[in-house]
Every structure is written in structure tokens, then in C-alpha cells.
Amino acid sequence: MIETVDIKLAPKDASDNALILQKSIAKSKYKKGKPKDWRVIRRSVDARGRQIWFQLRVELYYEEQIIPEPAILDNFVPVDDQPPVIIVGAGPAGYFAALELIEQGLKPIVLDRGKDVRARRRDLRAIQQFGEVNPHSNYCFGEGGAGTYSDGKLYTRSHKRGNIYKAMRLLVEHGAKSDILVDAHPHIGSNKLPGIVSNIRATIEQYGGEVHFDAMVTDLIRKDGKILGVIVNDEKEYRGEAVILATGHSARDIYYLLDRLNIKVEAKPFALGVRIEHPQALIDKIQYNQRQREEALPASSYRLACQVGDRGVFSFCMCPGGLVVPASTAPGELVVNGMSMSRRDSAFANSGTVVAVELSDLGAYQEHGVFAGLEFQKAVEQKMFANGDGTQNAPAQRLTDFVRDKMSKSLPETSYIPGIHPAPMHGLLPDFIAEKLKQGIRTFGKKMKGYFTEEANVIGTESRTSSPVRIPRNKATYMHDDAPGLFPCGEGAGYAGGIISAAMDGQNVARAVKAYTG
Ligand SMILES: Cc1cc2nc3c(=O)[nH]c(=O)nc-3n(C[C@H](O)[C@H](O)[C@H](O)COP(=O)(O)OP(=O)(O)OC[C@H]3O[C@@H](n4cnc5c(N)ncnc54)[C@H](O)[C@@H]3O)c2cc1C
């Protein structure tokens, strides 16, 4: 007999196991005394009322013990001698595709243009401290992909796209805390993710797969239209039964390569805007109604969205207790994003705040055909860079000044290490984006009292929330109709929008590859 009960506890009591059990038994309808075993299966914070509660769903086992689930990795067998499959990109899509291929009895060979997680750190330091962007190793490129030095938020709404629980369990089996299986809004943090990513590589290699870094795919090997492999760094060939292309939303050269090879790519709507950074204490005050957040509560977050005319304006990738980071992937451009450590204990809260961009907005850029959005995105990033001093020091404006088209004489403190300088963000952004953002921000200020403040910075540019290009694939086979053997995958292909959805897409594609190879 297993009974499920819902209880709520004050934040300070939420980790007190004796109290959790006592409250759960009191709530139980099965009045048989103490259960043999119990566990929390869901945990969330309810901050809607005056009193903040942790809501817990608890399973009580009256007649049996909890039987631990067997590890997914227990199903793995060596694949050294099995048919090879090439995976381009060691991001969440690529690495989870590799794990799934092993489970399916195929040998993954993962190729990434960047470096392993440890070596990658040096290049991140060079961006942060000297503004030097290595086009192959940065916050988007390198082992673990764009997800490695991120907030590690694992929340996804893509429930229909795959098995979220399996992706989460694989993360736990590679070192993530099991809390992520229980929390309503799980996250890992930038300090923990690199370890998990290198554990995944160890698994791939242990079972006979291969992972190669400094291996930029520069061409595809094709015979009679069929994809047989890839060329790396213009010289070395890797051949396989199929090629999974999981290069992420910033690998612009891959889109151009496919176009040159007459493999169809399509323009798609995307989003562009700014990162907005507030003091975390202010967001806590608004969300928790507490002058100082009590210790047991996590840094608070928000999610904002509104319609301005025919267009959505929304917050994206909110990082409570986080940092704004330089996410440019080439010299001469300025792109920002957000990350946080597992404790989410910085003094700042940031989120991307973006406007949906339709193809009809792109005016003169239409002459670039399917690359109209990509060229538009690039032009905005380059304009932001040109406003600065040639480093990754970013243009910024007080939130209130941005909305009032006024230059800021000074700026509030920021977490952004390369620094910020006052700039007319309202003029640097394309007019239609600036106008929609201004109206959206005013609406957010009404929804969330205190949000519209001169204490917040608007920082440019948040331009990589999604890709302006999609690589189409057949719904049934997951393969590109123009190139048998080529499997577009993950965010860069347009089939994911975050770590977990990319990981699930990797798993789905790997199973489709198995069906293809027979
Ligand atoms: C700073 C930051 C913070 C983020 N925070 C979060 C978050 O908290 N939660 C969340 O869900 N999402 C977050 N995201 C988004 C998330 O990281 C992506 O959605 C996810 O990583 C996409 O996975 P992917 O495997 O499809 O592509 P990517 O992670 O982009 O991986 C693509 C890989 O392909 C490699 N590559 C590219 N071109 C080539 C080539 N020609 N040859 C060989 N290799 C190549 C790249 O080096 C890279 O490693 C964040 C992104 C950034 C940049």
C-alpha cells in the first residue's frame, strides 16, 4: 500500500525530515501508524500569499520498502566493434544522442570544434578579462555546448517531445543531485555542470565511443546524395552509418555549408532584445514581500510575458542570483546571456527580455533570402560592439531611461565582468524592437510592482535565444529529405530550446538512427 499526500511547510522546516514524516502521517487516510518507508516526490515554493510555503508531495510506503530503480547505465554494453555513427557537436543534444546510441548498440563518434570543459575555461577567462573571443571556444562552443556554463535550469515545457525523467536520471547518474528529480523548477548551476559533462564523456569513452575536440566539421562526405561522413578541419575524414548534426544555434557556418551543398535550410521566426539586470534583493522583496529573504528560501525568479500589438514580448532564461556573461561567438560582435552557480547567491537577478521577430520585419535584409534573420541578428550584434571600445564591454542604459529615450549619466552596478558603458540602447536597437520592448517593460512594471526601476540595467544584446534558421527534417524518419543519412538535431536545427529539450531531441534522433541503420 503506497499512499500519496500533499503537505506544506514553512521554509525553515522544509528540510526537517522528522517533521515532513510527522505531517505526512497526520495527513494520511491510511491510519496504520508509521510507514515502512517514505520519500518526497515533488517540491515547489508557493509565494502567492503573505506566508510563503514549501509544498511537498510525499509517498508513504506502508507495506513495502522503496525498491531503488536500476541505473540506466546498467543497460549499457561495449560498442567498440559496432557500426560507427558521427555526431557533430558535444552539446546536450550531441552527448545525449551519444548515450542513447550506446544503449541502442551503435558506436558514437562525437566531434566538437571547441575544447574539453577544462581547457575551455581559459578561453572564457580571455573573453571576460581581455575581450578576446575565440571563434571555436567560448560560452557557446566547446564540450557540453551552450549548456555548460549556464544557469543549468532544467525546466522544460516540451513534455510531448520525449522522456524528461530519463534525461534527468542520466544527469543524476553522472553526478547531478537527485533533488532535480523532485524540484518543480530544477537547476544545476555553472560550477557543477562541467563535472557532469566530463562524466558523460567518460561514459561514452568507457563503452567504446569516441570524443574528439578541436574538430570542426567543415564539409560533408556525400555519394549519390547520401551522407557518408564528414571532413574535419578541411582535411581529416570521419565516416559512419549516419551523421547527427547537433551544432547549436550559433554555428552559422554550418547553415551556409548546407546551403552551398543544396541541402535545404529554412528561415524561421526568432527573438531578439536585451538582458535586464536587477538587484536580487529587489526581486526578492517584490516576489516574497520580505525586506531580506529568509535563508531557507531560494533566490526568487519571475516570468513575464505580454502582447504588444501583434507581437509577444517576454522574459527568457531568468537567472536568479546569477551573472550576465559575454556569449559572443566571433570577434566584432556583442552578445550577452545569463548563468548562475548552484547556490544562486550573487547579488543580481537577470533575464533575457526579447521581442518575437517575424520574417516580415526584416525589410532590406530580405535580400539575404533564408539568411535574412541571421544577417539581421549579426548586424545588431555588430552595431552593439561598434558602440564600445573594441572589447566585450557592453552598451547599457538604466531601465527607466531606456523607456524614456534618455541617455543614462551613470549606471547601476552590474555582475557583467567585462563591464558596461552608458549607451543609447533605445537607438542602437532596431526601432520596432526598441518600441515593443519599451511598451512591454511598462506593462511588466504594472504586473510586478517595483520591476520598473532606475536600479535596473538594460544590457545589449540578447540575440541568441533561438535560431533564425531551421534545418528541416522528415517527421517520421528525423532525416533530411535532401540528404539521406543526415539527421538534424537539437537547438541549431530548430527542434529544441534549452538543455533538456535538446537532450531529449538527441535521444529521439539516436533512436531514429537505429531504425535507419537497421
Ligand atoms: C550562457 C547561456 C546560458 C544558458 N542557460 C540555460 C539554462 O539555464 N537552461 C536551459 O535549458 N538552457 C540554457 N541555455 C540554452 C542551452 O544551453 C541550449 O538550448 C542548449 O545547449 C542547446 O543544445 P544543443 O546541443 O542543441 O546545442 P549547443 O549546446 O549549442 O551545442 C552545439 C555544439 O556544437 C559544436 N559545434 C558547432 N559547430 C560545429 C562544427 N562545425 N563542428 C563541430 N562542432 C561544432 C559547438 O562547439 C557546441 O559544443 C543557455 C545558453 C547560454 C549560451
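The largest share of the lining of the second largest pocket, 4 residues, is contributed by strand β2 (residues 37–46). Strands (E, at least two residues) and helices (H or I, at least four) are DSSP runs numbered from the N terminus. The model is a predicted one, in which local features need pLDDT of at least 70 and side-chain atom pairs count only at pLDDT 80 or more, whereas totals for chains, interfaces and linings use all residues. Residues are numbered from 1 along each chain as its sequence is written, and side-chain values use heavy atoms, with hydrogens and water left out.

The volume of the second largest pocket is about 330 Å³. A pocket is defined on a 1 Å grid over the protein atoms alone, as an open set of points with protein on both sides within 12 Å along at least five of seven lines; a cavity is a set of points where a 1.4 Å probe fits but cannot get out, and lining residues have an atom within 4 Å of a point. Grid points are joined across faces, edges and corners, and a volume is the space filled by probe spheres set on the points. Of the 14 residues that line the second largest pocket, Arg39, Val40, Tyr165, Leu181 and Val182 lie nearest its centre. This lining comprises 9 nonpolar, 1 polar and 4 charged residues, where Ala, Val, Leu, Ile, Met, Phe, Trp, Tyr, Cys and Pro count as nonpolar, Asp, Glu, Lys and Arg as charged, and the others, Gly among them, as polar.

A search of the whole structure finds 1 cavity of 30 Å³ or more. The largest cavity holds about 140 Å³ of space, and among the 14 residues that line it, Pro92, Phe96, Gly144, Val197 and Ile499 are the closest to its centre. Helices α2 (92–103) and α5 (193–206) each supply at least two residues of this lining, with α5 giving the most, 4 residues. The lining of the largest cavity has 10 nonpolar and 4 polar residues, and no charged ones.

Helix α13 (residues 499–517) has 19 residues, which at 1.5 Å a residue should span 27 Å, in agreement with the 27 Å between its end C-alpha atoms; the expected span is 1.5 Å times one less than the number of residues. Of the 19 residues of α13, 14 are buried, so the helix is largely enclosed by the rest of the structure. Buried denotes under 20% relative accessible area, exposed over 50%, and partly exposed the range in between (1.4 Å probe, protein chains only). Gly518, which follows α13, has a positive phi near 80°.

Strand β1 runs antiparallel to β3 (residues 53–61), to which it is joined by 8 bridges; Val58 in β3 is the bridge partner of Val5. Two strands pair if DSSP finds at least two bridges between them.

An open sheet of 5 strands has the order β6-β5-β4-β10-β22, with parallel pairing. Strands β6 (210–212) and β22 (486–488) stand at the edges with a single partner strand each, so one side of each is left without a neighbour in the sheet. The twist averages 20° from one strand to the next, taken from axes that are lines fitted to C-alpha atoms (for helices over the stretch in contact), with angles running from 0 to 180 degrees between N-to-C directions. Strand β5 (residues 107–111) is joined to β6 by 3 bridges, and Ile109 stands opposite Glu210 in β6.

Another open sheet, of 3 strands, has antiparallel pairing in the order β7-β8-β9. Its edges are β7 (217–223) and β9 (236–239), and the twist averages 30° from one strand to the next. Between β8 (residues 226–232) and β9 there are 4 bridges, with Ile231 opposite Glu237 in β9. The loop between β7 and β8 contains Asp224, a residue with a positive phi of about 50° although it is not a glycine. Asp224 is exposed, with a relative accessible area of 78%.

Finally, a cis peptide bond with omega of about 0° joins Gly460 and Thr461, and Thr461 lies in strand β20 (residues 457–462).
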